[in-house]
Amino acid sequence: MASNSSTTWAAPMPFLGEILKGQPALVTGASSGIGRAVALGLARAGADVAVNYSAHADAADAVVREIEGLGRRALALKGDVSREADVEAMFASAISHFGTLHIVVSNAGVQRDAAFDAMTLAQWDEVITINLTGQFLCARAAVREFKRRGVDAAVSRAAGKIICMSSVHQHIPWAGHVNYAASKGGLMLLMQSLAQEVAPHFIRVNSIAPGAIRTPINTSTWQTPAAYADLMTFIPYKRIGEPDDIAQAAVWLASDAADYVTGTSLVVDGGMSLYPQFADGG
Ligand code: NAI
Ligand code: BGC
């Protein structure tokens with residue numbers, strides 16, 4: 001079936017089972033897009049979920065209600081991931097509510113695009129502090145809780161799992177988006193170095209590197225038929241990704257099915273990283 005800009009890929013994803021039962025999770029930026037889908041995916045897989053948001057309380061509350069409708073516990077937590085005090089308070093609330101955390105998906109991220117010579121320091125700083133410093137603050141809070149508790153063998157082989165939402169732009173350069181690509185490239189080595197450091201504590205740290213996924217962050221690339229057709233020239237699999245494609249990857253990475261996986265970027269991009277322009281020669 002050929003895809004177009006309005007094709008929705010709502011056919012149910014395969015259900016992986018309740019493989020995260022008893023493992024409370026926190027997802028940042030979970031009131032929209034990929035974060036919302038990941039929060040719901042983790043809940044479908046059995047996890048109770050803390051839904052972080054920075055701006056839209058109503059949208060976060062709606063996600064909480066959906067999770068509760070699946071029979072899990074959930075709470076909405078307001079907090080800016082780039083602010084140390086907010087992150088500390090958010091983790092304290094989630095841990096006090098659920099008793100502990102086993103899974104942290106650091107998903108919050110922004111784009112503030114500009115040609116390099118027009119990019120303001122404010123645009124640079126906003127992207128780096130949310131996309132990179134925010135990852136540091138959330139991962140640090142997660143590691144402290146995972147080390148405090150250690151492995152609970154009744155629940156998981158690992159003491160905890162951190163999943164960083166990166167991007168194909170951790171390895172694909174992106175003109176006009178230098179701040180964003182720098183944040184995701186930095187995140188790749190943050191994730192790998194941290195994975196190396198905490199592996200002896202049975203803490204797994206991985207990234208998901210999505211390609212183009214249909215969310216509010218990139219509306220201009222899929223909203224019109226012309227933009228969608230142009231996007232398809234970058235995607236060998238010939239469809240845009242849906243947030244549930246990323247949720248499925250997150251559920252697997254968070255589960256013991258991925259117990260020997262740490263320090264890895266799971267690329268979920270329909271082949272965008274495969275130099276598609278070489279498909280017809282080179
Ligand atoms: P989105 O704009 O729907 O989600 C970003 C979320 O982060 C929003 O809910 C926003 O409120 C939240 N957020 C922004 N600043 C925050 C802060 N300071 N503290 C807490 N939350 C904050 O867009 P999308 O696509 O769902 O983005 C999620 C992540 O996925 C981002 O890290 C993005 O870089 C990444 N990504 C997205 C791709 C796509 O094609 N949609 C592809 C590759 C990566
Ligand atoms: C960006 C999206 C873009 C995708 C593929 C993501 O990291 O946030 O805007 O569509 O990469 O280029």
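## Helices H3 and H4

At what angle do helix H3 and H4 pack, and how far apart are their axes? In this predicted model, helix H3, which covers residues 84-98, packs against H4 at an angle of about 35°, and the two axes are 10 Å apart. The crossing of this pair is right-handed.

From H3, the residues that take part are Glu-84, Val-87, Glu-88, Met-90, Phe-91 and Ile-95, and they meet Leu-137, Cys-138, Arg-140, Ala-141, Ala-142, Arg-144 and Glu-145 in H4. Sorted by class, this contact of H3 with H4 has eight nonpolar and five charged residues, with no polar ones.

## Helices H4 and H5

H4 also has a contact with H5. Helix H4 spans residues 121-149 and helix H5 spans residues 178-198; their axes are 9 Å apart and the packing angle is about 15°. An angle under 35 degrees counts as roughly parallel, and H4 and H5 are therefore roughly parallel to each other. H4 passes H5 in a right-handed crossing.

On the H4 side you will find Gln-123, Trp-124, Val-127, Ile-128, Asn-131, Leu-132, Gln-135, Phe-136, Ala-139 and Val-143, and these meet Val-178, Asn-179, Tyr-180, Ala-182, Ser-183, Lys-184, Gly-186, Leu-187, Leu-190, Leu-194 and Val-198 in H5. The residues of this contact of H4 with H5 divide into 14 nonpolar, six polar and one charged.

## A look at Leu-190

Leu-190 has its place in helix H5. Leaving aside residues up to four places away in sequence, Leu-190 touches Leu-132, Gln-135 and Phe-136.

Is Leu-190 buried or partly exposed? Its relative accessible area is 23%, and buried would mean under 20%, so Leu-190 is partly exposed. For a sense of distance, take Leu-190 and Glu-66: they are 124 residues apart along the chain, and their C-alpha atoms are separated by 33 Å.

## The seven-stranded sheet

Now to the strands. Seven of them form an open sheet with parallel pairing, in the order E3-E2-E1-E4-E5-E6-E7. Strand E3 (74-78) and strand E7 (265-268) are the edge strands, each pairing on one side only. On average, neighbouring strands of this sheet are turned by 20° against each other, direction ignored.

Strand E6, residues 203-210, pairs with E7 in the parallel sense over four bridges. Within that pairing, Ser-207 has Ser-265 in E7 as its bridge partner. E6 is also joined to E5 by six bridges, and these two strands run parallel. Here Ile-163 has Asn-206 in E6 as its bridge partner.

## How E6 is covered

How many of the residues of E6 are buried? Eight of its eight residues are buried, so the strand is mostly covered, with buried meaning under 20% relative accessible area. The cover is found on both faces of E6: Ile-203, Val-205, Ser-207 and Ala-209 are buried on one side, and Arg-204, Asn-206, Ile-208 and Pro-210 are buried on the other.

## Two positive phi values

Most residues other than glycine have a negative phi. Two residues are worth a look with that in mind. Phe-202 lies in the loop between H5 and E6, and its phi is near 60°, a positive value in a residue other than glycine. Phe-202 is exposed, with a relative accessible area of 52%.

Tyr-275 is found in the segment after E7. Its phi is positive at about 50°, although Tyr-275 is not a glycine. Tyr-275 is exposed, with a relative accessible area of 58%.

Note on methods: Residues are numbered from 1 along each chain as its sequence is written. Chains are lettered from A and ligands numbered from 1 in the order in which they are written. This is a predicted model: local features need pLDDT of at least 70, side-chain atom pairs count only at pLDDT 80 or more; totals for chains, interfaces and linings use all residues. Side-chain values use heavy atoms; hydrogens and water are left out. Axes are lines fitted to C-alpha atoms, for helices over the stretch in contact, and angles run from 0 to 180 degrees between N-to-C directions. Angles under 35 degrees count as roughly parallel, over 145 as roughly antiparallel, 65 to 115 as roughly perpendicular and the rest as oblique. A crossing is left-handed if the near helix is turned anticlockwise from the far one by less than a right angle, and right-handed if clockwise. Contact means heavy atoms within 4.5 Å. Ala, Val, Leu, Ile, Met, Phe, Trp, Tyr, Cys and Pro count as nonpolar, Asp, Glu, Lys and Arg as charged, and the others, Gly among them, as polar. Two strands pair if DSSP finds at least two bridges between them. Buried means under 20% relative accessible area, exposed over 50%, partly exposed in between (1.4 Å probe, protein chains only).
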